[in-house]
Amino acid sequence: MTERSEDVLARLAATLASRRGGDPDRSYVAKLFHKGGDAILKKIGEEATETVMAAKDGDRARIVAETADLWFHTMVMLAHFDLSPADVIAELARREGVSGIDEKASRAAAPAPKESR
């Protein structure tokens, strides 16, 4: 039985949200939340670099593992900003069928959204 990716992402998002305010000595995610946004963003940068290096090496298993780490830490960032995978999926759905060149041009013409935090 193949599980829907949206279900996996939603469950992971719920788990991450439940760790917010948790004991940083007992939960890695609680520790990241406790350290704050800069620590979370630094971790995403590290994971992105590791993903790129795995891809450069062409190691398929490492590419998958490092991408999973990158997605995980990106989801921690989303939770930090009170966002969810559903928000990203909705944006991807909005862009579906739109030329990447046209979509990028529309972002350049639109004012930048205000930060919520």
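1. Nonpolar side chains tend to be buried together in soluble globular proteins.

2. A word on the basis for these points. This is a predicted model, in which local features need pLDDT of at least 70 and side-chain atom pairs count only at pLDDT 80 or more, while totals for chains, interfaces and linings use all residues. Residues are numbered from 1 along each chain as its sequence is written, and side-chain values use heavy atoms, with hydrogens and water left out.

3. Now the overall fold. The protein chain has 6 helices and 0 strands, where helices (H or I, at least four residues) and strands (E, at least two) are DSSP runs numbered from the N terminus. Of its 117 residues, 21% are buried; here buried means under 20% relative accessible area, exposed over 50%, and partly exposed in between (1.4 Å probe, protein chains only). Among contacts (heavy atoms within 4.5 Å) between residues at least 6 apart in sequence, 52% join residues at least 24 apart.

4. H3 deserves a careful look. Its 21 residues should span 30 Å at 1.5 Å a residue, and its end C-alpha atoms are 30 Å apart, which agrees; the expected span is 1.5 Å times one less than the number of residues. Gly37, Ile40, Ile44, Glu47, Thr51 and Ala54 are buried in H3. Seen down the helix axis, these buried residues fall within an arc of 105°, so they line one face of H3; the arc is that of the directions from the helix axis to the C-beta atoms.

5. Thr51 is one of the buried residues, at 13% relative accessibility. Leaving aside neighbours within four places in sequence, Thr51 is in contact with Glu66, Thr67 and Leu70.

6. Lys43, Glu46 and Glu47 are linked by salt bridges, each being a side-chain nitrogen of Lys or Arg within 4 Å of a carboxyl oxygen of Asp or Glu. Lys43 meets Glu46 at 3.4 Å, N to O, and Lys43 meets Glu47 at 3.4 Å, N to O. Glu46 is partly exposed at 32% relative accessibility, but Glu47 is buried at 4%.

7. Arg94 forms a salt bridge with Glu91, with the closest N and O atoms 2.6 Å apart. Both residues lie in helix H5, 3 residues apart, about one turn of the helix. The structure holds 6 salt bridges.

8. Finally, please check two backbone spots. Asp82 has a phi near 55°, a positive value in a residue other than glycine. Asp82 is found in the loop between H4 and helix H5 (85-95) and counts as exposed at 54% relative accessibility.
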